[in-house]
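Hello,

Here is the structure you will be working with. My notes on it follow below.

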Amino acid sequence: MALWSPDTPCSCDCFVSVPPASAIPAVIFAKNSDRPRDEVQEVVFVPAGTHTPGSRLQCTYIEVEQVSKTHAVILSRPSWLWGAEMGANEHGVCIGNEAVWTKEPVGEGEALLGMDLLRLALERSSSAQEALHVITGLLERYGQGGSCREDPTPFSYHNTFLLADRTEAWVLETAGRLWAAQRIQARAHGGCQGPLPGWTGAAAATARSVSERGEDQQRHSGARLSPLPQLRGPWSEAEVPLLLWGPLTLSSLAGAITAEVMMGILRNKESGICMDSGGFRTTASMVSVLPRDPTQPCVHFLTATPDPSRSVFKPFIFGVGVAQAPQVLSPTFGAQDPVRTVPRFQTQVDRRHTLYRGHQEALGLMESEQGPGLQQKQEDLEREGLEAARGLLAGEWAPSPQELGGLFQAFVERESREYA
């Protein structure tokens with residue numbers, strides 16, 4: 001399996017702000033998904049469901065046992081796989097994953113992708129801590145593995161997860177079937193490209209190896225408890241300041257962090273957070289506002305398009321009228337899909353959805369004299385969504401549940417019209 005090379009991105013970028021670092025009483029979650037340049041990411045709504053006892057669930061490569069009930073989820077995912085890069089569920093749980101590079105060898109066989117684990121946790125948990133237990137239980141039972149990109153050359157990695165809900169956030173690091181979890185004590189946290197040089201992944205954390213399964217979960221404030229290997233990113237001293245830009249920016253803005261601040265961080269290209277390098281780029285982005293007041297709705301902003309500096313964050317809210325927005329859903333290819341045929345990925349298919357195609361054309365126009373006007377329309381549309389969310393959380397706007405459920409669809413349609 002391919003590991004890190006100079007042409008490989010270190011990973012994605014995840015951030016979270018916990019009150020009082022947030023400007024409002026809410027946990028604010030953000031992520032850039034940095035993936036192969038031409039990979040299409042779709043936004044998929046999956047309603048809550050009930051399932052037959054003993055039934056099986058097909059994930060990207062393997063089957064797992066299905067549970068009796070699953071929660072409604074909104075997912076931003078590479079369109080060729082089952083899991084997701086980031087997403088949220090109806091209970092206000094948000095998760096983003098990142099690749100993490102370790103001394104532990106990556107498994108050769110197919111198992112659960114980190115992105116599969118993310119979706120499974122969202123569908124099966126009602127809190128960040130419960131999601132952590134879902135991931136670690138599945139990890140210890142099924143393991144992680146399989147190619148993480150749509151290419152005949154295998155490319156695999158271990159995974160780190162940032163999990164958040166209305167009250168707290170956790171970092172979960174994994175290497176093979178080993179894992180370490182830490183509740184975020186700092187009021188703002190930036191996870192860019194995994195742990196920094198010299199940082200042991202399980203220090204000041206909860207850790208357990210598969211051999212300890214069944215014992216009480218151990219907690220410690222100092223040294224590592226399990227044989228989880230030291231996790232180290234492949235960075236030079238010159239690269240570290242750029243890796244720290246996001247976390248340092250969050251720290252400097254403690255008490256004033258908003259959804260807009262998170263969007264600005266995700267759009268920063270000089271730091272590499274908004275990636276556009278070689279064969280990789282930021283293919284989709286997400287920011288979520290999770291109010292501590294359980295009577296207020298969580299608001300999730302998703303782009304469904306690459307390059308957040310030239311994309312629109314559109315608001316999604318779980319509600320009675322929520323349905324799949326067809327403009328951000330990629331075409332399907334059934335049994336002939338290259339991910340389903342063996343050997344895998346021997347052919348290529350066009351997975352671009354309608355909004356992606358329109359956005360591609362818009363990116364070309366942005367380099368012309370039409371560019372400023374088009375970017376202004378994007379900014380105006382995004383500002384309208386942010387104002388709607390602000391008014392909703394401030395009690396100044398009281399839409400019907402059906403109107404809330406159709407909010408994302410309405411913004412997608414308007415963005416599509418701008419590109420047309």
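The charged end of Arg119 sits over the ring of Trp82, 4.0 Å from the ring centre. Arg414 is placed over the face of Phe411, with 5.6 Å to the centre of that ring. A charge counts as over a ring if NZ of Lys or CZ of Arg is within 6 Å of the ring centre and within 35 degrees of the ring normal.

This is a predicted model, where local features need pLDDT of at least 70 and side-chain atom pairs pLDDT 80 or more, while totals for chains, interfaces and linings use all residues. Residues are numbered from 1 along each chain as its sequence is written, and side-chain values use heavy atoms, without hydrogens and water.

There are 6 aromatic pairs in the structure. Rings of Phe, Tyr and Trp (its six-membered ring) pair if their centres lie within 6.5 Å; planes under 30 degrees apart are stacked, over 60 edge-to-face, and the rest tilted. Phe45 and Phe316 have ring centres 6.2 Å apart and planes at 40 degrees, so this pair is tilted. Phe45 is in strand β3 (residues 41–46) and Phe316 in strand β19 (residues 314–316), so the pair ties together parts 271 residues apart in sequence. Strands are DSSP runs of E, at least two residues, numbered from the N terminus. Both are buried (under 20% relative accessible area, 1.4 Å probe, protein chains only): Phe45 at 16%, Phe316 at 2%.

Phe155 and Tyr157 make an edge-to-face pair, 5.6 Å between centres and 70 degrees between planes. Phe155 is buried at 6%, and Tyr157 is buried at 9%.

Regards

Key: Helices (H or I, at least four residues) and strands (E, at least two) are DSSP runs, numbered from the N terminus. Buried means under 20% relative accessible area, exposed over 50%, partly exposed in between (1.4 Å probe, protein chains only).
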